Structure formats: C-alpha cells, structure tokens
Amino acid sequence: MHNPVLLVIAHGSRDARHAATVHALVRRVRSLRPGLRVETGFLDFNVPSVQGVLESLAAQDVRDVVALPLLLTRAFHAKADIPAVLREAPPRLRIRQADVLGPSPLLLAALERRLYEAGLTPADKSSTGVVLASAGSTDPEAIAVIADIAREWRHTGWCAVRPAFASASLPRTEDAVRELRALGCSRVAVAPYVLAPGFLPDRIARGAAGADVLAEVLGPAPEVARAVLDRYDEARLPALTALGA
C-alpha cells in the first residue's frame with residue numbers, strides 16, 4: 001500500500017522569510033524520509049494554497065492524505081481554520097488531520113539547540129533564566145500549554161523559565177526578561193517558541209533587547225523535522241491498521 005501524501009499546512013505571511021523557512025523545513029523532512037511525498041500549502045498570503053494543493057492531488061488520482069498543521073499549539077487555526085479548509089477538499093480524497101507539533105520533547109531539544117547555537121553551553125543552565133517566548137493566542141488551552149512547557153523545561157536544570165507572548169496575552173518578552181533579572185539569574189536568554197520569522201517573532205526580538213542571548217526561531221531544526229514525521233506517523237498508522245496493512 002502506498003503511504004499517504006503528507007500535506008504540510010503553514011500559516012503564510014507577507015514576510016518572505018516565513019515561506020522560505022517553511023520550505024527549508026519541508027526539505028529537511030523529505031531528506032529524513034526519502035520516498036515520502038511531501039507537499040506544502042499555505043492558509044494565507046502565500047502560494048500554493050491548501051485548496052489548490054488538494055485539488056491538484058485529486059487530479060493526480062491521489063487518494064490518501066495526511067494534513068499536518070505546521071503549528072506549535074492547538075489554537076484557532078488548528079481547531080477551526082484548517083478543518084474548514086479540509087472540508088472543502090475534493091470528495092475523492094481521504095484526509096486525516098494530524099495533531100499540531102507541540103508539545104513534544106523534540107521541540108524542547110530544538111529550543112536548546114538554538115540556545116546553544118546562540119552561545120550558551122550546558123554548563124550555563126543553572127545560572128541562566130530563559131524566556132519561552134511564543135506568538136501568543138486568545139485560546140486559553142494554547143496559553144496553558146505554553147505555561148506547562150515552561151514548567152517542564154525549568155525542571156531540566158535552568159535557573160528559571162518564564163513564558164512570554166508577543167500578542168494577545170501577557171507577559172511580554174521584555175517583562176519576563178526583567179522578572180528573571182529580578183530573580184537573580186546571572187544570565188537571561190530568550191528562546192522564541194516560533195517556527196518561522198515574521199511580524200510577531202520580530203516583536204519578540206525587540207523585547208529581548210535587555211537579554212544576554214537571543215536564540216533563532218526553530219525553523220528547519222532537525223528535531224522539528226522529526227516531530228513533523230512523528231505526527232505524520234501517528235495520523236497514518238490507525239488507517240493502515242484498519243486496512244490490515
């Protein structure tokens with residue numbers, strides 16, 4: 001039996017860095033799973049659109065698709081926007097929506113990779129406070145998940161970890177930086193919990209002006225690509241089991 005096509009669904013942005021980063025991540029996913037067909041569709045601003053990709057797949061007699069939201073939390077896009085787009089897909093397609101990427105130990109590993117690339121070392125953990133800076137959401141579930149990740153990450157040995165948000169929620173990155181200084185952490189680092197550059201990540205970077213270290217966005221980190229494939233496998237395996245594959 002053929003593997004379902006993996007359709008990575010990205011948000012899209014007017015910022016050209018966003019699509020470039022998404023495509024770099026998808027290239028890494030393909031490199032980890034040669035032979036798997038991986039397509040990319042955007043909800044807004046960029047092409048191809050999700051609907052366009054689905055119509056193209058149906059025209060090529062593809063039957064099975066795993067649609068994977070390139071999102072870190074189950075907020076509005078995962079709960080409403082993406083299911084609505086998928087409902088408009090050509091009826092010949094059998095589509096399973098995979099879960100969002102986070103939370104995942106792989107994403108924590110990617111966050112640490114970015115901090116170490118920015119100049120920290122494992123020996124710095126106990127004296128370094130980290131701001132876990134996400135885009136923000138009006139969805140209480142998404143906000144609670146970020147707080148849970150910060151608590152879990154703190155237990156791996158950092159001086160302290162505080163969540164912060166670029167929009168819709170408080171505190172802001174700069175407020176969390178000040179709080180960590182006040183706690184007595186000798187070093188403060190900002191770890192953007194975002195996948196690609198854009199307007200809100202730029203706001204996080206401005207808020208990190210008072211920090212000692214600002215990590216890059218997660219982007220095409222190998223751990224993120226592995227998380228994509230994990231979610232794909234979780235979505236496709238029940239279908240294969242049901243078919244006796």
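How many helices and strands does the protein chain have? Here are my notes.

1. **What we are looking at.** This is a predicted model, in which local features need pLDDT of at least 70, side-chain atom pairs count only at pLDDT 80 or more, and totals for chains, interfaces and linings use all residues. Residues are numbered from 1 along each chain as its sequence is written, and side-chain values use heavy atoms, with hydrogens and water left out.

2. **Fold elements.** The count comes to 8 helices and 8 strands in the protein chain. Both are DSSP runs numbered from the N terminus: helices are H or I with at least four residues, strands are E with at least two.

3. **Overall size.** Along the principal axes, the C-alpha atoms fill a box of roughly 60 × 35 × 30 Å.

4. Buried residues make up 51% of the 245 in the protein chain; buried means under 20% relative accessible area, exposed over 50%, and partly exposed in between (1.4 Å probe, protein chains only). The chain exposes about 11100 Å², with carbon and sulfur atoms supplying 53% of that (Shrake-Rupley method, 1.4 Å probe; for residues, only the protein chains shown count as cover).

5. **Contacts.** Take the contacts (heavy atoms within 4.5 Å) with a separation of 6 or more: 77% of them are between residues 24 or more positions apart.

6. **Charges.** I see 29 positive and 26 negative side chains, and the centres of the two sets lie 2 Å apart. Lys and Arg count as positive, Asp and Glu as negative, while His and the chain ends are not counted. Each charge is placed at NZ of Lys, CZ of Arg, CG of Asp or CD of Glu.

7. **Cis prolines.** Have a look at the bond between Gly102 and Pro103, a cis peptide with omega about -5°. Pro103 sits in the loop between β4 (94-97) and α4 (105-117). A cis peptide bond also joins Leu170 and Pro171, with omega about 5°; Pro171 is in the loop between β6 (160-165) and α6 (173-183).

8. **Positive phi.** Asp61, a non-glycine residue, has a positive phi near 65°. Asp61 belongs to the loop between α2 (50-59) and β3 (64-69) and is exposed, at 55% relative accessible area. Ala168, in the loop between β6 and α6, has a positive phi near 70° and is exposed at 52% relative accessibility.
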